[in-house]
Amino acid sequence: MVLAPIPFGAIEAWSWSFLGTAVGLLLIVWAADLAASGAAAPAGLRRLWPLVLPFAVVAVWIAFQTETGTLTTQHHPLWKTTAEVLGVPVQGSVSLDRYETGAALFRLLTYGGIFWLALQHGRDAARARQMMQAVVVAGVAYAAYGLAVEFSGAQMILWYDKVRYVDSLTSTFWYKNAYATYAGLGLVAALGLFVAAIGETTGAGFGRRETAAMLVNRLLARDWIILVALVVLPTALLLSDSRAGFLATCFGLLVLLIAARLGERRAAR
């Protein structure tokens, strides 16, 4: 999440391959540490099977499409056409491009691994806050870079000339929708930390003036990055000219507000 945007949003084969390999190694280290300690996973399969099962079904179905040992009636018709044109037997499959299908499966498993690690470590409140803070800091950094490039008129992405979306802010991403989604994630994280700061301050039991003063002092002294994020990220998001990214961000903020409201009711009970 923090480093993926540097190589153009990890859309190149070498970048998403590196990301997937790193996630796989982290999963192995996590599993080995868990086995060595003899402890149970913070969030096990017994509770997560409604999420894991459909994910596994999709992954298996994608892998099935790359197999050449399936019935020929299930293969893409162009495999038969290719064999007839070349005059030699051709190993077909459901997928017309087995490499791209396998690459899509690799990326899907990478995202699943990231979710799994975040879920296991994010159940600890301190670690969850650290993750959120890292997302906010990264979001501000990439937004600041994008704004600097936008206002300077450089039309560059790192050391490369910008060849698409030259009138839109894309930061280190090639595509504006991809960057807008990333900026939206940072904005949701920043607003989440802001809501948490309000809740922690109001829960101290002081009056309105004292509470407001404490909140302002906290934001200026310790959580100033949140205030910067709430200004920089929406600006970068709007300058990306991405309607899809904007709508996705609005939906994310709506879910965050609903979750915060439900959290308040649960705390009251």
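A: For the charge count, Lys and Arg are taken as positive and Asp and Glu as negative, with His and the chain ends left out. On that basis the chain carries 20 positive and 15 negative side chains, and the centres of these two sets are 12 Å apart. The model is a predicted one.

Nine helices and two strands make up the secondary structure of the chain, and their order along the sequence is α-α-α-α-α-β-β-α-α-α-α. The radius of gyration is 23 Å, whereas the globule rule gives 18 Å for 269 residues, so the chain is more spread out than a compact globule. Along the principal axes, its C-alpha atoms fill a box of roughly 85 × 55 × 30 Å. Of the 269 residues, 30% are buried. When contacts between residues at least 6 apart in sequence are taken, 65% of them join residues at least 24 apart.

Now the aromatic side chains. Six aromatic pairs are found in the whole structure. In one of them, the ring centres of Trp16 and Phe106 are 5.8 Å apart with 50 degrees between the planes; stacked needs under 30 degrees and edge-to-face over 60, so this pair is tilted. Trp16 belongs to helix α1 (residues 13–37) and Phe106 to helix α4 (residues 98–122), so the pair ties together parts 90 residues apart in sequence. The cut-off for buried is under 20% relative accessible area, so Trp16, at 12%, counts as buried. Phe106 has a relative accessible area of 30% and is partly exposed.

Phe173 and Tyr182 form another tilted pair, with 5.6 Å from centre to centre and 45 degrees between the planes. Both partners are under the cut-off for buried: Phe173 has a relative accessible area of 6%, and Tyr182 has 7%. These two rings also belong to a cluster in which ring pairs link Tyr142, Phe173, Tyr179 and Tyr182.

The other positions begin with Leu191, which sits in helix α6 (residues 176–202). Leaving aside residues up to four places away in sequence, Leu191 touches Leu230, Leu253 and Leu256. From Leu191 to Leu227 the C-alpha distance is 9.4 Å, and the two are 36 residues apart in sequence.

Thr249 is part of helix α9 (residues 243–268). With a relative accessible area of 5%, Thr249 is buried. Its contacts, not counting residues up to four places away in sequence, are Ala180, Gly184, Leu187, Val188 and Leu237.

Helix α3 (residues 77–86) is hardly covered. One of its ten residues is buried. After α3 comes Gly87, which has a positive phi, near 75 degrees.

Methods: Residues are numbered from 1 along each chain as its sequence is written. This is a predicted model: local features need pLDDT of at least 70, side-chain atom pairs count only at pLDDT 80 or more; totals for chains, interfaces and linings use all residues. Side-chain values use heavy atoms; hydrogens and water are left out. Helices (H or I, at least four residues) and strands (E, at least two) are DSSP runs, numbered from the N terminus. The radius of gyration is taken over C-alpha atoms; the globule rule is 2.2 Å times the number of residues to the power 0.38. Buried means under 20% relative accessible area, exposed over 50%, partly exposed in between (1.4 Å probe, protein chains only). Contact means heavy atoms within 4.5 Å. The place of a charge is taken as NZ of Lys, CZ of Arg, CG of Asp or CD of Glu. Rings of Phe, Tyr and Trp (its six-membered ring) pair if their centres lie within 6.5 Å; planes under 30 degrees apart count as stacked, over 60 as edge-to-face and the rest as tilted.
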